[in-house]
Amino acid sequence: MEKIRIKTYGKINLYLEVIKKREDGYHDLQMVMQSIGLYDEVSLQKKERDEITLYTNSPYIPTDEGNIAVQAAKLMKEEFQIDQGVEISITKNIPVAAGLAGGSANAAGVLKGLNELWELKLRDEKLRELGLRLGADVPFVLMEGAAVAEGIGERLTPIEGLKNTWLVLCKPGISISTPEVYKALDLEALERRPLPPGFLSAIEKRDLRTLSKTMYNALESVTAKKHGVIEDIKKKMMQYNAIGAMMTGSGPTVFGIFKDQDRAKKAARNLRKYHHQTYVVNTYNK
Ligand SMILES: C[C@@](CO)(OP(=O)(O)O)[C@H](O)COP(=O)(O)OP(=O)(O)OC[C@H]1O[C@@H](n2ccc(N)nc2=O)[C@H](O)[C@@H]1O
Ligand SMILES: Nc1ncnc2c1ncn2[C@@H]1O[C@H](COP(=O)(O)OP(=O)(O)O)[C@@H](O)[C@H]1O
């Protein structure tokens with residue numbers, strides 16, 4: 001095979017609790033992650049010259065080694081002593097630095113794609129281990145679907161996902177740095193919110209009301225406190241008939257959960273007047 005095309009799906013966090021800060025500076029977490037139907041397209045093509053090149057339609061991501069997709073290809077080349085080159089091309093649809101794991105998903109796509117292109121026959125477990133070296137969210141986006149994630153995000157327990165649910169994603173035009181958010185987190189001041197007992201069954205049963213009432217993201221205590229626009233978007237989502245709304249990951253994207261596609265579309269039309277990066281998407285399950 002000479003060329004491979006892969007869809008790389010973003011995620012939202014339906015629940016995110018920070019358990020503790022570790023010696024290495026990372027944080028132990030407990031999260032419930034859900035893939036969403038918003039994806040980038042990654043294509044990989046064998047190259048005569050032994051080099052990694054990257055093209056993208058997005059002006060917002062690097063094309064050199066700063067790009068996590070290039071880092072993923074470099075890791076595969078080094079780990080398995082491959083002396084071939086690859087051309088990576090990324091059509092970006094997932095907003096950048098949004099809390100939707102777009103970069104991590106691209107890296108996951110490169111790991112999966114090169115496993116095929118170079119016929120390495122690596123097992124999922126090995127790919128996840130390589131993925132973790134690139135970023136804490138990479139193991140989940142490699143897996144796709146829905147999972148409880150623990151450790152720094154690498155200990156994954158697949159769960160029954162949230163089926164066929166319409167979401168509105170709204171990203172305000174502010175930039176958030178994930179490391180800065182974790183650094184600014186005041187663990188002492190954080191109210192502890194253990195995973196509610198009925199949370200996973202609410203997801204499984206698609207009980208959107210219970211889910212909306214009990215979802216939680218500890219990182220809102222940093223990002224939403226600093227940027228009033230997050231609460232403002234959450235409020236607007238509710239005014240426009242969302243069942244619930246919350247920030248995903250370190251932000252700044254807010255997702256709203258809607259009863260059906262029509263309501264979601266209507267809310268998105270209204271939100272777009274204020275924030276052009278507004279999308280209607282469905283949950284994605286394998
Ligand atoms: C907050 C979350 C929630 O899913 O998502 P995003 O907002 O990035 O989408 C993740 O924890 C982000 O994961 P990811 O973006 O892959 O993190 P990495 O690149 O590995 O780490 C970036 C930085 O975040 C901090 N970090 C990350 C993960 C973690 N469990 N504890 C941390 O303290 C570290 O300071 C690290 O240097
Ligand atoms: N392929 C990529 N796609 C998106 N962002 C990338 C990529 N490679 C590197 N980055 C950088 O990684 C940072 C985080 O991007 P992203 O994964 O989109 O956000 P998040 O971690 O909030 O979900 C951005 O500052 C961006 O410049």
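My entries below go from the ligand shell to two residues in an annotated stretch.

Ground rules: I'm looking at a predicted model, where local features need pLDDT of at least 70, side-chain atom pairs count only at pLDDT 80 or more, and totals for chains, interfaces and linings use all residues. Residues are numbered from 1 along each chain as its sequence is written, while chains are lettered from A and ligands numbered from 1 in the order in which they are written.

Entry, ligand 2. I found 20 residues around ligand 2, the closest being Asn67, Ile68, Gly102, Gly103 and Asn106; a residue is near if its C-beta atom, placed from the backbone, lies within 6 Å. Domain 1 (3–158) and domain 2 (166–282) each give the shell at least three residues, with bounds from an automatic or database domain assignment.

Entry, helices. Helix 2 (102–117) and helix 1 (68–79) each supply at least two shell residues, and helix 2 gives the most, four. Helices here are DSSP runs (H or I, at least four residues), and strands are too (E, at least two), numbered from the N terminus.

Entry, alanine 98. I placed alanine 98 in the loop between strand 4 (85–91) and helix 2. Alanine 98 counts as buried because 23 other C-beta atoms lie within 10 Å; the cut-offs are 20 or more for buried, 12 or fewer for exposed, and partly exposed in between, with C-beta atoms placed from the backbone.

Entry, serine 104. Serine 104 is in helix 2 and is also buried, with 26 other C-beta atoms within 10 Å.
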